[in-house]
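Student: I would like to go through this structure with you. Please show it to me.

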Amino acid sequence: IFILSSFSPKSLYLFDDDRFESHNMSGQFVSKNDINKFKVEVAKNYSYNFSNYNPYIYPQKYIKDECMKTKVMICGFDNMKARKDFYESWKSNIIPGNAHEYLFIDGRLLAEEYQIICLTGDDTFYQSEYERNFLFSDEEVIEVDCTMKQTSHMAMMIGAEMTKYFINFCNFPRRLPFYVHHNALMNTYEFKY
C-alpha cells in the first residue's frame with residue numbers, strides 16, 4: 001500500500017480485520033506505536049503521511065457478495081478462503097466486451113520467498129490454471145511460525161513488484177507474467193508467461 005499510494009490511484013479500498021501485534025514488528029513495516037491498531041488504519045496513515053493519499057479503509061474481512069468489486073483487485077490475504085472469495089468476486093464482475101480492462105494480482109509471501117500471480121480478464125486459459133493449481137484449500141497449506149511468514153525486506157520486494165505490474169497494466173502495453181516466484185535464499189527467479 002505504501003508504494004502503491006505514491007501513484008495516487010483514482011480509488012483504493014483496503015480490507016483487513018486484523019490488528020498489529022508486537023511479533024509483526026519483525027516482518028512488517030510497523031512501529032511500536034502501531035501495536036493494537038487495525039492494519040488498514042496504519043496503512044491509511046502511512047499512505048497519507050508519505051504520499052498525501054487517503055485510501056478507503058474497511059477494518060473487516062472481505063466478504064464475498066457483500067463487498068465491492070472493481071476492475072483491478074490486488075490480493076494479499078493470509079488464507080485461501082479469503083483469496084478464493086476475492087478472486088471469484090473479481091471474476092464475476094468481468095464484462096465480456098471489456099475483459100481486457102480487468103486485472104487480478106495475487107501475492108503470496110514467506111520469510112525468504114514470494115509468488116505473484118497476474119491474471120487479466122480476457123485470459124481464460126490462465127484463469128483456469130489459477131483455479132486448478134493455486135486455489136487449494138486452507139487445509140493444504142503448510143503452517144509456519146508467524147515470525148517466518150514474512151520479513152520486512154521481502155514484503156517491500158513483493159510490494160514493489162506487484163505495484164510494477166499494476167503500473168505496467170495501466171500505463172504501458174506490456175504483457176504481464178502469469179506467475180513469478182522469487183527465492184531469496186537461492187537467489188532465483190522463475191517466470192511463466
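This is a predicted model: local features need pLDDT of at least 70, side-chain atom pairs count only at pLDDT 80 or more; totals for chains, interfaces and linings use all residues.

Tutor: Residues are numbered from 1 along each chain as its sequence is written, and side-chain values use heavy atoms, without hydrogens and water.

Student: Why is Ser-89 called buried?

Tutor: Its relative accessible area is 1%. Buried means under 20%, exposed over 50%, and partly exposed in between (1.4 Å probe, protein chains only). So Ser-89 counts as buried.

Student: Which residues are in contact with Ser-89, leaving aside its neighbours within four places in sequence?

Tutor: Tyr-62, Lys-64, Asp-65, Lys-69 and Met-73. Contact means heavy atoms within 4.5 Å.

Student: What makes Tyr-13 and Tyr-58 a tilted aromatic pair?

Tutor: Rings of Phe, Tyr and Trp (its six-membered ring) pair if their centres lie within 6.5 Å. Planes under 30 degrees apart count as stacked, over 60 as edge-to-face, and the rest as tilted. By this rule there are 20 aromatic pairs. For Tyr-13 and Tyr-58, the centres are 6.4 Å apart and the planes 40° apart, hence a tilted pair.

Student: Why is Tyr-13 called partly exposed?

Tutor: Tyr-13 has 30% relative accessibility, so it counts as partly exposed. Tyr-58, at 23%, is partly exposed too.

Student: How do you know that the charged end of Arg-19 sits over the ring of Phe-38?

Tutor: The rule asks for NZ of Lys or CZ of Arg within 6 Å of the ring centre and within 35 degrees of the ring normal. The charged end of Arg-19 is 3.8 Å from the centre of the Phe-38 ring and is listed as sitting over it.
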